[in-house]
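Thanks for making time this morning. I would like to walk you through one chain, and I will ask you to keep the structure in view while I talk.

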Amino acid sequence: LAGDGLGTPGLTNLRALDISHSTSVGDRGVIFIVRGLGQLEHLDMEECGQDLTFASKIILEELSNSSGKFGGNMKYLNLRGCRGVSDKGVMAIARATAKLKHLNLSHCGGITDGSAFSLARHCRGLEALSIEGASKVSDRGLGAICRNTKLNLLNIGGCNISRTSLM
């Protein structure tokens, strides 16, 4: 995705893409993903080899753009370890991905209760969530997610959660 093959017509119908642990994605590759792969249902960008802060901004712009195609079909999104993801990004993701079933935001850094409330409001069909290391998510945020989604898998290692929010 880093080279000249970005506009390959055969990829526009792609439903799943795994670029996890990739060191050659680049900003052009991410732009192609969010603008050219509107049919994606499964996107795995776990711990891509570079800091995708710029790429995260592009994703947010596209998700925030009501005419954008990216996200409408998304069911699985793994952004584990993508340092550029913050509450603003999670809120945009939540608004744009109503069909989302699995979301991994572990070790993203800027995740707080704001993200949790947005996921609870917009992603009611969410079945699996990993927010490991999100130490700024509290009992209130997690409680909102648990009450308003269909979670059957939850990873909250490293979060400041008490037993009460899990009951």
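This is a predicted model: local features need pLDDT of at least 70, side-chain atom pairs count only at pLDDT 80 or more; totals for chains, interfaces and linings use all residues.

The mean pLDDT of the chain is 81, and 77% of its residues reach 70 or more. Over residues 2-6, however, the pLDDT is below 50, and this stretch has 9 contacts in the model beyond its near neighbours in sequence. If we go element by element, strand 5 has the highest mean pLDDT, at 98, whereas helix 2, which covers residues 53-64, has the lowest, at 58.

Let me move to the helices, starting with the pair formed by helix 3 and helix 4. The axes of helix 3, residues 87-96, and helix 4 come within 9 Å and cross at roughly 0°, and this angle is why helix 3 is described as roughly parallel to helix 4. On the helix 3 side the residues involved are Asp-87, Val-90, Met-91, Ala-94 and Arg-95, and they meet Gly-114, Ser-115, Ser-118, Leu-119 and His-122 of helix 4. Sorted by class, this contact of helix 3 with helix 4 comprises 4 nonpolar, 4 polar and 2 charged residues.

Helix 4 also pairs with helix 5, and here the axes come within 8 Å and cross at roughly 10°, so helix 4 is roughly parallel to helix 5 as well. Helix 4 contributes Asp-113, Ala-116, Phe-117 and Ala-120, while helix 5 contributes Arg-140, Gly-141, Leu-142, Ala-144, Ile-145 and Asn-148. By class, the residues of the contact between helix 4 and helix 5 divide into 6 nonpolar, 2 polar and 2 charged.

Which residues of helix 5 are buried? In helix 5, residues 139-148, they are Gly-141, Leu-142, Gly-143, Ala-144 and Ile-145. These buried residues pack against helix 4, residues 113-122, and also against strand 5, residues 128-130, and strand 6, residues 153-155.

Finally, I would like to look at Asn-78, which lies in strand 3, residues 76-78. Is Asn-78 buried or exposed? Its relative accessibility is 3%, and because the cut-off for buried is under 20%, Asn-78 counts as buried. The side chain of Asn-78 makes a polar contact, at 3.2 Å, with the side chain of Asp-44. Leaving aside residues up to four places away in sequence, Asn-78 touches Asp-44 together with Leu-43, Met-45, Glu-46 and Asn-104.

That is where I will stop, and I am happy to take questions.

Definitions and conventions: Residues are numbered from 1 along each chain as its sequence is written. Side-chain values use heavy atoms; hydrogens and water are left out. Buried means under 20% relative accessible area, exposed over 50%, partly exposed in between (1.4 Å probe, protein chains only). Helices (H or I, at least four residues) and strands (E, at least two) are DSSP runs, numbered from the N terminus. Contact means heavy atoms within 4.5 Å. pLDDT is the predictor's confidence in each residue, from 0 to 100. A polar contact is a pair of N or O atoms within 3.5 Å; within protein, one must be able to donate a hydrogen and the other to accept it, and residues adjacent in sequence count only if both atoms are side-chain atoms. Axes are lines fitted to C-alpha atoms, for helices over the stretch in contact, and angles run from 0 to 180 degrees between N-to-C directions. Angles under 35 degrees count as roughly parallel, over 145 as roughly antiparallel, 65 to 115 as roughly perpendicular and the rest as oblique. Ala, Val, Leu, Ile, Met, Phe, Trp, Tyr, Cys and Pro count as nonpolar, Asp, Glu, Lys and Arg as charged, and the others, Gly among them, as polar.
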